Amino acid sequence: MTQLHTSAPTAGATATDAFLEVRNLSVKFPTDDGLVSAVNGMDFTLERGQTLGIVGESGSGKSVTSQALMGLLKGTSAQVTGQAMFQGKDLVTLPESAMRQLRGRNIGMIFQDPLSALHPFYTVGHQIAEAYLVHNKASKKQARAAAVDMLGRVGIPSPEQRYDEYPHHFSGGMRQRAMIAMALICEPELLIADEPTTALDVTVQAQILDLMSELQEETNSALILITHDLGVVAEVCDDVLVMYGGQCVESGPVDEIFYDTQHPYTLGLLNSMPTLSTAAGELNPIPGQPPSLLDLPKGCIFSARCQYAELVGEGKCAKERPELTVEAGHGKRCHLSGPQIITIRTSR
Amino acid sequence: MMTFILRRAGSLVLLLFAVSFITFTLFQLGPSDPAAAACGQECTPERVSEARVALGMDQPFFLQYFDYVRGLFSSRMIGAPGAQTLCEWPCLGKSFQTNENVADIIARSLPYTFSMAIGALVLWTITGVGLGLMAALRKGSPVDKFIVGAASVGVSLPIPVTGLFLLLLFVNQLHLLPFTTNEINSPFGPQGPGAWVANYLLPWIALAVLFSASYIRVTRTNMIETFGEDFIRTARAKGLAPRTVTFKHGVRAGITPVVTMLGMDIGLLLGGAVLTEQIFSVPGLGFTAVHAAISGDLPVTMAITMLAAFFVIVANVAVDLAYAAIDPRVRLQ
């Protein structure tokens, strides 16, 4: 079981036995208008064979977190601090040259829009074989064979022919399968999927999710699934981490998040999902806007949009930022007490 | 692909007819009288009309044009009745000024223009694309700012200024390079490639300063945009080396606008770089065209105009073919 727990930001935290352990990860971008705090003190751990869903709306820091783990922010102006221990190496401080060895081989990544993420000028097969060649001492022939085999494994029919076709010859779903083949060709132990189904037709989404789960089971890899779609989370994740304003506001096993929701923001997210019985014009959005990452509120980041802040009283929510408290593997960052949350949940 | 080339060749022929007809018409409408010019200073009206007959300008307009076009397909007789001479195919007429075959004049001027264009092209492509890429890779750094600043200066320097400055500095003051001579027009001549380079280096630099500035800017803008593309992030996420990401994935995708520019510029330059040829006294097509136009030498002007149009169109076809080679999404039809 994956454990999601908090720890005070301790200096020089030591590596544990966890497969991936992220401690107090923060990412800031200097801009002309000031410092943008995209990720603020993320903590989580992940074990092999497990799937962690990171959920949140646009701008909540999901993608930036994944890019920081991938080391894709190295060489940019982004300031990444904290710790991300992976196989005894800290991904935050690892130099770019060493990070490059991990990328593709130990950590694979799948992106949102497979059309723009694939190079339009090279054949799909070439792009997959390229990923194989860079990490394996192999001939071009062997790389081609590996890529064809991988294309077959991700369910692309007649892979030998499809190898020589260009991305624009592929349908959206087939492109995402090709992306998955590219990310998995070196059998990485950790796979990060950044909104892998968002750009796809609903009918194709389930196929892609099934495929990812299947391949994950085969290779016993760990999967971080970044999405804004709670339906996707419910389908494939073991654990969930809900992000808001660059912070984790609630985390825990997927069932607990859905059936024992502890944070008003998560409640809002669940409530805003339309169901078949939702009548036209009856959507339930969370009122207000996400906070500006240039100037985060001093208190709870969600307080400005929270309808239950007055239950806490004394303006505490606006003044004091709640810590992430963990009880039996279920973490929340909220001043509301357990009984208050239960009252809120049952009253809806 | 063959269909594409054939179709473009067809439109090339039509366009050349249009260009020749327009030039021919403009010449007839113009104020200059080639017969008077050919006959010289002290000229009686009789001798002017004799000259007019000799030049074939006594004929009706359409007959003159028809005769001219006929010469493009076969040899024809040219000159006044009784004193006709054979103009061998391809007959582009004879110079009103020197009575020389225009085809010979073109054949003589072309190597100079080629010599100038090729070197300049190589020089500005390398510096333009190279510096543009360097600026894009170091976006926002002092290196980037310096390159962009230098490009702004370069593009605003006219050829007469850079040309004369280069001559003054390298030829007059430092004596590093010889003054351009007409004796060298090919790297395979008796003087060898070294002398060829030394002879054309200054015009190459003058043209490169002007042209590379816009290449720097186009390359820089397009490469910055390309480096921000998702597929570049994918290439990095695969663990590819920075060099592979930059060149194999980045440059190939970001270079297409430069190819377009290059095609246009090659076409224009092969038609003759008028100013540069004047300043460095290179007797290429541009130089010849200016003198022919001033002296009302219709056959020479016509031929060079058509040749320039030909080069521009061929360069355009070459750009389309290059696009298809670079980008598999491009279908030629």
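A salt bridge is taken here as a side-chain nitrogen of Lys or Arg within 4 Å of a carboxyl oxygen of Asp or Glu. By this rule, the count between chain A and chain B is three salt bridges. The model is predicted, so local features need pLDDT of at least 70 and side-chain atom pairs count only at pLDDT 80 or more, while totals for chains, interfaces and linings use all residues. Residues are numbered from 1 along each chain as its sequence is written, chains are lettered from A and ligands numbered from 1 in the order in which they are written, and side-chain values use heavy atoms, with hydrogens and water left out.

One salt bridge joins A:Glu96 to B:Arg236, with the closest N and O atoms 3.8 Å apart. On the side of chain A that touches chain B, H4(A) gives the most, with six residues. That side divides into 15 nonpolar, 10 polar and five charged residues, where Ala, Val, Leu, Ile, Met, Phe, Trp, Tyr, Cys and Pro count as nonpolar, Asp, Glu, Lys and Arg as charged, and the others, Gly among them, as polar. With contact meaning heavy atoms within 4.5 Å, 30 residues of chain A meet 21 residues of chain B.

Four strands of chain A make an open antiparallel sheet in the order S2-S1-S4-S5. Strands S2 (34–46) and S5 (89–90) of chain A stand at the edges with a single partner strand each, so one side of each is left without a neighbour in the sheet. Within this sheet, S1 (residues 20–31) and S4 (residues 79–86) of chain A pair over seven bridges, and A:Val27 has A:Val80 as its bridge partner.

A second open sheet of chain A has eight strands in the order S6-S7-S8-S3-S9-S10-S12-S11, with mixed pairing. Here S6 and S11 (325–327) of chain A are the edge strands, each with a single partner strand. Four bridges link S3 (residues 51–55) and S9 (residues 239–244) of chain A, which run parallel; A:Leu52 stands opposite A:Asp239.

Key: Two strands pair if DSSP finds at least two bridges between them. Helices (H or I, at least four residues) and strands (E, at least two) are DSSP runs, numbered from the N terminus.
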